[in-house]
Amino acid sequence: MIAHPELFDLSIAHMDCDAFYASVEKRDNPELRDKPVIIGGGRRGVVSTACYIARIKGVRSAMPMFKALKLCPEAVVVRGRMDVYVQVSQQIRQMMENLTPSIEPLSLDEAFLDLTGTETLHGHPPAVMMTKLVNQMESELGISGSVGLSHNKFLAKVASDLDKPRGLSVIGKAETDAFLRDKPVSMIWGVGAVTRESLEKAGIRTFSDLLRWDRKDLGAKFGSMGDRLWHLARGQDRRRVSAHTPVKGISNETTFHDDTANIDILDGHIWRMSEKVSDRAKAKGIAGRVVTLKLKTADFKLITRRHSLRDATQIADKIYRTARDLFDSTGHKGPYRLLGVGISDLTPETDADRSGDLLDPDSTKRTNAERATDAIRNRFGPDAIVKGRALR
């Protein structure tokens, strides 16, 4: 229950699932319910996310795995299942679309929604409909979420973090100035460690500090970021909830437990990453014209290679073969500590994989075989068919 004088007048919402990946794993494996769970790779990897039990011990997203396990040695480490997370995300998206067409996803587990004008359609104000949404998510999917409700996107996102998990928080227009005044500027989405350090050098730690700066001076000091800060310090955000924000690229990478130059092991990783990128592209109905390979050597040297395809693709086989060619073209013998594969220059899937490859007449057969494999996996599960190279 929540009471607020503007509760039924606010229509910009931000919904954020609570520890999404970990919640899915606990849902699918009840034995994990009361245990600290970390989603990520081996000891040399990083934490993708952690459940709230692990977070109490100090575990955070993007933390090196070895550090997370020092803080919470009893944690159960689970490798992510992106195909399952994408499927659950799509189910949540369908629930959102029953409320409003104005949805702006930020990732698989969070999105902005603009419910302006929907009260007539649903017979209830946005606050009630957002409550119904998270209740439906939990009852039908076993996934909880937190909601922030306000008069713009900036404040709606801030509000969604105020009472996690299973929270509903409101920031009204009348209280905006008082609410922000003593809050740290690190609350602003996009203000990371580097920006925060620059602001602190200028004597800016809180919103009150920002309010003392002239708009021109902030612009001169911090460029376009300065003008944005001037507006946000006053709780102003004119950005609209856009249902058509383009995805710039899809990628997957891993940091190895031990540096490796073993070609078979590296080849297996290139395939698995290509398959994950392909799965995400197929789930989103898009394809990429540029394939990128990313390598980091044992001495932290970063190597990046790209290749533009004749046609955009979402086919794992084509992504893999291109990425493997890029790997061979580096001429570097390793060892490597990180490997990544991605696609960019994205287009709708209807424009992808239209023409065959005259230099590789079997490519069409492999594409058709992959589509058939996808159909079998959709029916019988992701492990129904596994390529041999994926076991390396």
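This is a predicted model: local features need pLDDT of at least 70, side-chain atom pairs count only at pLDDT 80 or more; totals for chains, interfaces and linings use all residues.
Colleague: What is the strand order in the open sheet of three strands?
Modeller: The order is 3-2-4, with mixed pairing. Two strands pair if DSSP finds at least two bridges between them. Strands (E, at least two residues) and helices (H or I, at least four) are DSSP runs, numbered from the N terminus.

Colleague: Which strands stand at the edges?
Modeller: Strand 3 (47–50) and strand 4 (76–78) do; each has a single partner strand, so one side of each lacks a neighbour in the sheet. From one strand to the next, the twist averages 30°. Axes here are lines fitted to C-alpha atoms, for helices over the stretch in contact, and angles run from 0 to 180 degrees between N-to-C directions.

Colleague: How many bridges join strand 2 to strand 3?
Modeller: Three bridges join strand 2 (residues 37–40) to strand 3, and the two run antiparallel. The bridge partner of I38 in strand 3 is A50.

Colleague: Which helix packs on the sheet?
Modeller: Helix 1 (residues 20–28) does, touching strand 2, strand 3 and strand 4. Contact means heavy atoms within 4.5 Å. The direction of helix 1 makes about 115° with that of strand 2.

Colleague: Turning to rings, how many aromatic pairs are there?
Modeller: The structure holds seven. Rings of Phe, Tyr and Trp (its six-membered ring) pair if their centres lie within 6.5 Å; planes under 30 degrees apart count as stacked, over 60 as edge-to-face and the rest as tilted.

Colleague: Where in the chain are F154 and F207?
Modeller: F154 lies in helix 7 (residues 153–160) and F207 in helix 10 (residues 207–211), 53 residues apart, so the pair links distant parts of the chain.

Colleague: Are F154 and F207 buried or exposed?
Modeller: F154 counts as buried at 5% relative accessibility, and F207 counts as buried at 0%. Buried means under 20% relative accessible area, exposed over 50%, and partly exposed in between (1.4 Å probe, protein chains only).

Colleague: How many salt bridges are there?
Modeller: The structure holds 20. A salt bridge is a side-chain nitrogen of Lys or Arg within 4 Å of a carboxyl oxygen of Asp or Glu. One of them joins E97 and R93 (3.4 Å, N to O). These two residues are four apart in helix 4 (residues 82–97), which means that about one helical turn separates E97 and R93.

Colleague: What about R212 and D209?
Modeller: R212 forms a salt bridge with D209, with the closest N and O atoms 2.2 Å apart. R212 is exposed, at 61% relative accessible area, whereas D209 is buried, at 11%.

Colleague: Which residues does the salt-bridge network join?
Modeller: Salt bridges that share partners join E25, R27, D28 and R81 into one network.

Notes: Residues are numbered from 1 along each chain as its sequence is written. Side-chain values use heavy atoms; hydrogens and water are left out.
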